[in-house]
Amino acid sequence: YAFNIPVGGLSSNLNLLEHFDPINRRTVDLFWWIPQGLYYDLFDNRNDNDAVPSRIALDNQVFSYNNSQFFNALDADITSLQSYKVRLLNENTNRDEAGVNIIFNFYDY
């Protein structure tokens, strides 16, 4: 991955996150247990279905969250990504709940 490759306007790091494949992550990714791309998909303004070139089929309509909200929801009693999702939604008036659920389900969390 490089700047603008394969998606224009993204750094190499963001291109890696946008290319994350949750279906095959356990076979090709040594750090499969890290939810790569999940947080980025919750705040980026890019819908993966519209990406050129097409890479993953995720109708990402969520872009209203920010890092502060992510960190505020990550408390000591959170022990799974499911409980994290519930806390994130609860602390943010269930904003974009349907879209958040789609993203978490896409990543199999």
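Predicted model: local features only at pLDDT ≥ 70, side-chain atom pairs only at ≥ 80, totals over all residues.
**Exercise 1. Get to know the fold.** Work out how many helices and strands the protein chain has, and in which pattern they follow one another.

*Solution.* Start by counting: the protein chain has six helices and zero strands. Next, read along the sequence, and the pattern comes out as α-α-α-α-α-α. As for the interior, buried residues make up 38% of the 109 residues. Finally, take the contacts between residues at least 6 apart in sequence: 46% of them join residues at least 24 apart.

**Exercise 2. Explore the surroundings of Ser 64.** Find where Ser 64 sits, decide whether it is buried, partly exposed or exposed, and list what it touches.

*Solution.* First, locate the residue: Ser 64 is in the loop between α3 (38-43) and α4 (67-73). Second, check its accessibility. The relative value is 27%, so Ser 64 counts as partly exposed; that class lies between the cut-offs of 20% and 50%. Third, look for partners. Not counting residues up to four places away in sequence, Ser 64 touches Leu 42, Gln 69, Arg 95 and Asp 96. Fourth, look at two of these partners in detail. The side chains of Ser 64 and Arg 95 are joined by a polar contact of 3.0 Å, and a polar contact of 2.5 Å joins the side chains of Ser 64 and Asp 96. Along the sequence, Ser 64 and Arg 95 are 31 residues apart, while their C-alpha atoms are 8.1 Å apart in space.

**Exercise 3. Follow the aromatic rings.** Name the members of the aromatic cluster, then classify the pair of Tyr 39 and Phe 70.

*Solution.* Begin with the cluster: Tyr 39, Tyr 40, Phe 43, Tyr 65, Phe 70 and Tyr 84 form it together. The structure holds six aromatic pairs. In one of them, the rings of Tyr 39 and Phe 70 have centres 5.4 Å apart and planes at 50 degrees, so this pair is tilted. Since Tyr 39 lies in helix α3 and Phe 70 in helix α4, the pair ties together parts that are 31 residues apart in sequence. Then compare how accessible the two residues are: Tyr 39 is partly exposed at 28% relative accessible area, whereas Phe 70 is buried at 5%. Phe 70 also pairs with Tyr 65, and here the rings are stacked, with 6.4 Å from centre to centre and 15 degrees between the planes.

**Exercise 4. Look around Tyr 65.** Decide whether Tyr 65 is buried or exposed, and find which residue has its charged end over the ring.

*Solution.* Take the accessibility first: with a relative value of 3%, Tyr 65 counts as buried. Now view the ring itself. The charged end of Arg 95 sits over it, 4.6 Å from the ring centre. Asn 92 is in the loop between α5 (81-90) and α6 (97-106). Setting aside residues within four places in sequence, Asn 92 is in contact with Tyr 65 and Gln 69. Asn 92 has 9% relative accessibility, so this residue counts as buried too.

Conventions:
Residues numbered from 1 in each chain as written. Heavy atoms only, no water. Helix = DSSP H or I, 4+ residues; strand = E, 2+ residues; numbered from the N terminus. Buried < 20%, exposed > 50% of the residue type's maximum accessible area, 1.4 Å probe, protein only. Contact = heavy atoms within 4.5 Å. Polar contact = N/O pair within 3.5 Å; in protein donor to acceptor, adjacent residues only side chain to side chain. Phe/Tyr/Trp six-rings, centres within 6.5 Å; stacked < 30°, edge-to-face > 60°. Lys NZ or Arg CZ within 6 Å of the ring centre and 35° of its normal.
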